[in-house]
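Subject: Structure for your review

Dear colleague,

Please find below the structure that I am handing over to you. I would be grateful if you would look through it alongside the notes that come after it.

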Amino acid sequence: MPPGITLIHLDVDPWEIGKNYPPEVAILGDPKATLPELTATLRERMSAGAKGAARDRLKTASEAIAKERDALRAKARALAGAVPVQALALLERSARCSLRMPS
């Protein structure tokens, strides 16, 4: 875990909570049912500044993920003609075919 990060662990299995990293907060519950409630509560309690900072972090993370995804796709396409067949190229081609993505 990166230093300074606050870990909140939500899980249905008490055995899993804190198994790998000690959480600051441990919540025993179903994520599908619990996360919407937690999200609503956090939104109510966050200041405008905190909401803006969260939006900025989301934007930065989303842009980084998109950039990494594009680089990975480019690498997969560059490996497309390699022999033996490279797993990355095969997976990218399969995904493109199943999603009907352009070449």
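The notes below describe the salt bridges and a surface patch. Please bear in mind that this is a predicted model.

The structure holds four salt bridges. Side chains of opposite charge can pair when their charged atoms come close.

One of these bridges joins the side chains of Arg96 and Glu92, at 2.8 Å from N to O. The two residues are four apart in helix α3, and so about one helical turn separates them. Both Arg96 and Glu92 are buried; for Glu92 the relative accessible area is 10%. Helix α3 covers residues 87-99. Beyond its neighbours within four places in sequence, Glu92 is in contact with Arg73, Ala76 and Arg77. Arg77 also belongs, with Glu92 and Arg96, to a network of salt bridges.

Another bridge links Glu63 and Lys59, at 3.3 Å from N to O. This pair lies in helix α2 (residues 48-78), again four residues apart. Glu63 is partly exposed, at 45% relative accessibility, whereas Lys59 is exposed, at 53%.

A further bridge connects Glu16 with Lys19, at 3.1 Å from N to O. Glu16 is partly exposed at 25% relative accessibility, and Lys19 is partly exposed at 43%.

Finally, Met1, Ile5 and Tyr21 form a nonpolar patch on the surface, with about 320 Å² of accessible area together. Met1 is located in the segment before β1 (8-11) and is partly exposed, with a relative accessible area of 48%.

Yours sincerely

Technical notes. Residues are numbered from 1 along each chain as its sequence is written. This is a predicted model: local features need pLDDT of at least 70, side-chain atom pairs count only at pLDDT 80 or more; totals for chains, interfaces and linings use all residues. Side-chain values use heavy atoms; hydrogens and water are left out. Patches are made of residues with over 30% relative accessible area and no salt bridge: like charges are joined within 9 Å, nonpolar side chains (Val, Leu, Ile, Met, Phe, Trp, Tyr) within 5 Å. Accessible areas come from the Shrake-Rupley method with a 1.4 Å probe; for residues, only the protein chains shown count as cover. Buried means under 20% relative accessible area, exposed over 50%, partly exposed in between (1.4 Å probe, protein chains only). Contact means heavy atoms within 4.5 Å.
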